[in-house]
Every structure is written in C-alpha cells, then in structure tokens.
Amino acid sequence: MGDKKFGFGLLLIVFVFVSCNDQSLSTEELAQQVQRSINIELDGNYAGGMEISKNLSLIKKSNSEYIGTIEVQQYPHWRGGELEINVICDGKAFRWNASPTSSSSGMSSSYSGSGQVIIGTAHALNGTWVLIDDGNQIENVFNNGNCESTFNDEPFQKGTYFANNAEMKVTWTHTNVSSNNSEPEWHSTEGFISDTGLPFPHYVDYAYSVKGNVLTLTYTYDGKTVTEIWTKK
C-alpha cells in the first residue's frame with residue numbers, strides 16, 4: 001500500500017462510465033453509491049485522507065451508460081491529477097476500476113472497488129431530526145441521500161446516506177474544524193481523525209424505523225447496542 005501514498009494533496013477529476021440494467025435505481029442514487037465506494041477506497045490509499053470537494057453527478061449517455069465528473073482533494077495540500085473510472089452495474093452489485101490518465105504525473109497505481117446496490121433512499125427520513133443527549137442538542141438533516149449534523153446549533157458533520165429495508169448506511173465525509181459559531185471550515189473526516197486521534201464517527205450502520213414524527217436509530221458502539229429516539233422538528 002505504501003506506493004499508493006503521496007505527501008502532497010491531490011485534486012482528482014474523475015470520469016465515470018456506468019452500465020446499469022436496473023431501471024429502478026435512479027441516476028442520482030447510483031452516483032451517490034459509486035461515490036461512497038470511491039471515497040472509501042481512496043481514503044485508505046492516500047496519506048492524510050481524501051476530501052471530495054464536488055459530489056459526483058452523472059448524465060445519461062445511452063440506454064445503459066452514464067458519464068460524469070468528481071473532484072477530490074487530499075487534506076491538507078493540493079496536487080493535480082486525473083483518474084478514469086469504468087463502472088459496471090447489474091442491478092444487484094456494481095464494480096468500478098480506476099487508472100490514472102496520461103496527464104497525471106506522479107500517479108502510477110490503479111484502483112478498483114465494488115459495492116452492493118441499495119434500491120431507494122427512504123423519503124420518510126427526509127427532514128430535520130432532533131436528539132437531546134446529556135443536555136446537548138444534536139440535529140440531523142436528511143435530504144434524499146445527503147445529510148448534515150449540528151451540535152448545539154454549530155455545524156458538525158456532513159455526508160451521504162443510503163436507506164433500504166429498515167437499514168441505513170451513513171458516511172460522514174466532512175467534519176467542521178472551526179469553533180465559536182465562526183464560518184464552517186470543512187475537512188475530510190478521515191484526515192481529521194488521523195490528525196487528532198479523536199473517535200469521531202465516519203461510517204455508521206443503523207437499523208431504523210420511522211413512525212410519525214419519531215425516528216428510532218439502533219447501532220453498535222464499542223461492542224454495545226445503542227438505541228436513540230429522535231423527534232422531527
């Protein structure tokens with residue numbers, strides 16, 4: 001893995017070609033799921049953590065192909081480069097392969113990843129949900145696959161989520177490192193954890209249920225099962 005790590009930040013412009021036979025998966029949902037897989041793989045292969053600075057968006061190219069771009073920054077510096085990514089999706093799973101383009105000097109490794117297709121992000125989750133924990137107010141905003149969190153009215157984290165069959169996978173991609181209600185300063189959560197050693201959440205798997213204005217989340221933390229009751233704002 002050592003040959004895949006760089007001491008400089010990296011700005012990646014990624015070209016994505018997708019073939020997917022399952023028409024029940026929207027283009028936006030597919031882009032979010034591919035982006036999550038790319039983010040996990042690149043976080044593990046570059047020193048300091050990767051930060052996606054512009055979300056992946058896909059445009060339908062033909063009946064089964066899509067094309068799009070993504071921009072990624074390595075925290076805390078920058079370095080230019082491009083990866084070309086090819087994705088195949090059979091409706092149940094997808095696989096992508098990435099390789100550097102000829103203009104990406106200093107990059108020599110190829111990458112690959114895969115994931116299970118999750119159909120549908122539950123619309124019942126959309127909205128602002130509030131949890132009072134030890135006198136602190138935490139708010140999570142879910143909006144069609146994107147999520148943001150505040151802690152006592154200060155921006156805390158943001159990322160993406162996928163929900164299906166009472167299960168939800170949340171990726172907190174960015175953490176706010178500013179304080180005292182100043183303008184948010186977002187850095188990759190992976191890089192922030194690496195720098196500080198703080199056990200901030202990054203990838204979290206939940207079991208969930210929505211009944212009216214009540215959201216119940218259950219997850220495992222430090223080997224124990226935790227259940228939280230959130231109220232819709």
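**Salt bridges, strands and a helix**

Modeller: Lys169 has a relative accessible area of 30%, so Lys169 is partly exposed (buried is under 20% relative accessible area, exposed over 50%, partly exposed in between, with a 1.4 Å probe and protein chains only). This is a predicted model, where local features need pLDDT of at least 70 and side-chain atom pairs count only at pLDDT 80 or more, while totals for chains, interfaces and linings use all residues. Residues are numbered from 1 along each chain as its sequence is written, and side-chain values use heavy atoms, leaving out hydrogens and water.

Colleague: Which residue forms a salt bridge with Lys169?

Modeller: Asp205 does, with the closest N and O atoms 3.7 Å apart. A salt bridge here is a side-chain nitrogen of Lys or Arg within 4 Å of a carboxyl oxygen of Asp or Glu. Asp205 sits in strand E13 (residues 203–211) and Lys169 in strand E11, 36 residues apart, so the pair links distant parts of the chain. Helices (H or I, at least four residues) and strands (E, at least two) are DSSP runs, numbered from the N terminus.

Colleague: How many salt bridges are there in the whole structure?

Modeller: The search finds two. Glu139 forms a salt bridge with Lys233, and their closest N and O atoms are 3.1 Å apart. Glu139 lies in strand E8 and Lys233 in the segment after strand E15 (224–232), so this pair ties together parts that are 94 residues apart in sequence.

Colleague: Is Glu139 buried or exposed?

Modeller: Glu139 counts as buried, at 9% relative accessibility. Lys233 is exposed, with a relative accessible area of 69%.

Colleague: Switching to strands. What does E8 pair with?

Modeller: E8 (residues 136–143) pairs with E9 (residues 146–151) in the antiparallel sense over six bridges; pairing needs at least two bridges found by DSSP. Asn140 stands opposite Ser149 in E9.

Colleague: And the turn?

Modeller: E8 and E9 form a hairpin with two residues between them, and Asn144 in the turn has a positive phi of about 50 degrees. E9 also pairs in the antiparallel sense with E10 (residues 154–164), over six bridges. In that hairpin, which has two residues between the strands, Asn152 takes a positive phi near 50 degrees.

Colleague: Last topic, H2. Which residues are buried there?

Modeller: In H2 (residues 189–196), Thr189, Gly191 and Phe192 are buried. Seen down the helix axis, the buried residues fall within an arc of 160 degrees, so they line one face of H2; the arc is that of the directions from the helix axis to the C-beta atoms.
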